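Here are some notes to read alongside the model, written for someone who likes to see the cut-offs. Have the viewer open and follow the points in any order you like.

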Amino acid sequence: MNHNTPLSPRPLRHLSEIHRRVMTAAQLKSHGVATAEMNEQCRPGGPWQQLLPGVLLLHPGPPTGEERLHAALMYASRERTPGVPAQPNAGEEHAAPAYAEVMITGLAALTLHGFSATPPLTALDTIDVLVPRMRRLRSAGCARILRTSALPTPRQVTGLPVAPVPRALADAVAELTDASAVRRLLTEAVRGRHCEPASVVRELNQAKLLDRPHVVDAVDSLLAEGRAIAEDRLYAMVREHGLPDPVWNVDLRLPGGPHLGGLDAYWPEQAVAVELDTRAPRQEEDALWSEYARKRETLERLGITVVHITPKKLRDGTEQQAAVVRTALMAAADRDPAAYVVVLPR
């Protein structure tokens, strides 16, 4: 083949814009470009350049952030089965390339999710890519390969497969030693309504990151932040859905007897309580759940109805949770009177 040889009956102009700028060697071969021609085009000072092994950038300038993302995904998915390169589906050349069983994670994923505390894509030295554990693939160039035994379901962000925020956070935190940077990321995840604290802590726990002191400190701040946000949502639910005003943040005791436990909201006349379930899935989860269950069982034996609400339910289903509380308040008239308890501020 010489420089005048056409590229085959499948011309590059039929591909999507990004797919014309970044292609695998296998894809170029399918368009009639021989290996010798690729090597010639990628010579020093030539019009093309090799971004990653088997992945070429078809212009001489620096790659954009989008091009680096596609290059990393192409590198990670180019040989899902030995000898079978990843290709666009027939008839879908105008669409973005399909990437199976790979996804962007870590800081790059958080940037794609809209985090302000992460660097822009062009400033990242590496793009983390999550792949199945059995893939035989090494990190190279800007692509850092992270293996997992259980791939999460990716989110589609700007047409790219991206790890969900909790998983992306865990992969990012695993590489960070700066306590303030970790705290900023975890705080933005909650304040920005990207996810709930419990889902973040679950991923950090599964990644065995909760034995790092700077991560534990950040998690404590995260949980405090998450509880404050959940309390604000609970106040708003009562106000906006016309529920009667409860007494807020109280402790219950039997007269002259033991402490029964703290509650986030309590309606004394109806003997209905709301407790925010802000448990974090750490090592002591079972013990903490047993404590929740014992308190609920004790209160219900005394005739007090306890409504457990998670922060996620408050965020995604406020109207439904308000209906649950309203139903419990209305049902009070049909129940036997509750035992007398002392209500104290918490």
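Which side chain meets that of Arg233 in a salt bridge? The partner is Glu196, with an N to O distance of 3.3 Å. A salt bridge here is a side-chain nitrogen of Lys or Arg within 4 Å of a carboxyl oxygen of Asp or Glu.

Before the details, a word on the source: this is a predicted model, in which local features need pLDDT of at least 70 and side-chain atom pairs count only at pLDDT 80 or more, while totals for chains, interfaces and linings use all residues. Residues are numbered from 1 along each chain as its sequence is written, and side-chain values use heavy atoms, with hydrogens and water left out.

1. **The Arg233 bridge.** Arg233 sits in helix α9, whereas Glu196 is in the loop between α7 (179-191) and α8 (197-206), so their bridge ties together parts 37 residues apart in sequence. Helices (H or I, at least four residues) and strands (E, at least two) are DSSP runs, numbered from the N terminus. Both ends are buried: Arg233 has 13% relative accessibility and Glu196 has 11%. For these labels, buried means under 20% relative accessible area, exposed over 50%, and partly exposed in between (1.4 Å probe, protein chains only).

2. **Salt bridges along helix α10.** The structure has 18 salt bridges. One of them joins Arg296 to Glu300, with the closest N and O atoms 3.4 Å apart. These two residues are four apart in helix α10 (residues 285-301), so about one helical turn separates them. Arg296 is partly exposed at 31%, and Glu300 is partly exposed at 40%. Arg301 bridges to Glu297, again with 3.4 Å between the closest N and O atoms. Arg301 and Glu297 are likewise four residues apart in α10, about one helical turn. Here Arg301 is exposed, at 60%, while Glu297 is partly exposed, at 48%. Elsewhere, shared partners join Glu196, Arg233, Lys312, Arg315 and Asp316 into one salt-bridge network.

3. **The aromatic pair.** Rings of Phe, Tyr and Trp (its six-membered ring) pair if their centres lie within 6.5 Å; planes under 30 degrees apart count as stacked, over 60 as edge-to-face and the rest as tilted. That rule gives one aromatic pair. The ring centres of Tyr235 and Trp248 are 4.5 Å apart and the planes stand at 85°, so the pair is edge-to-face. Tyr235 belongs to helix α9 (residues 213-240) and Trp248 to strand β9 (residues 247-253), so the pair links parts 13 residues apart in sequence. Tyr235 is partly exposed at 27%, as is Trp248 at 29%.

4. **Nonpolar cores.** A nonpolar core is a set of buried Ala, Val, Leu, Ile, Met, Phe, Trp, Tyr and Cys residues joined through side-chain atoms within 4.5 Å. The largest one has 60 residues, and Ile104, Val129, Leu169, Leu186 and Leu204 touch the most other members. Helix α4 (residues 65-77) supplies the largest share of this core, seven residues. Another core, of 17 residues, lies apart from it and includes Val238, Leu243, Trp267 and Ala322.

5. Two strands pair if DSSP finds at least two bridges between them. Three bridges join β2 to β3 (residues 55-57), and Gln49 stands opposite Leu57 of β3.

6. **The five-stranded sheet.** Another open sheet runs β12-β11-β10-β9-β13 with mixed pairing. β12 and β13 (342-345) are at the edges with a single partner strand each, so one side of each has no neighbour in the sheet. Between β9 and β10 (residues 259-267) there are six bridges in the antiparallel sense, and Val247 has Tyr266 as its bridge partner in β10.

7. **A loop residue to look at.** Thr310 is found in the loop between β12 (305-309) and α11 (311-316). Its relative accessible area is 24%, which is partly exposed. Thr310 and Ala198 are 112 residues apart in sequence, yet their C-alpha atoms are 9.7 Å apart in space.
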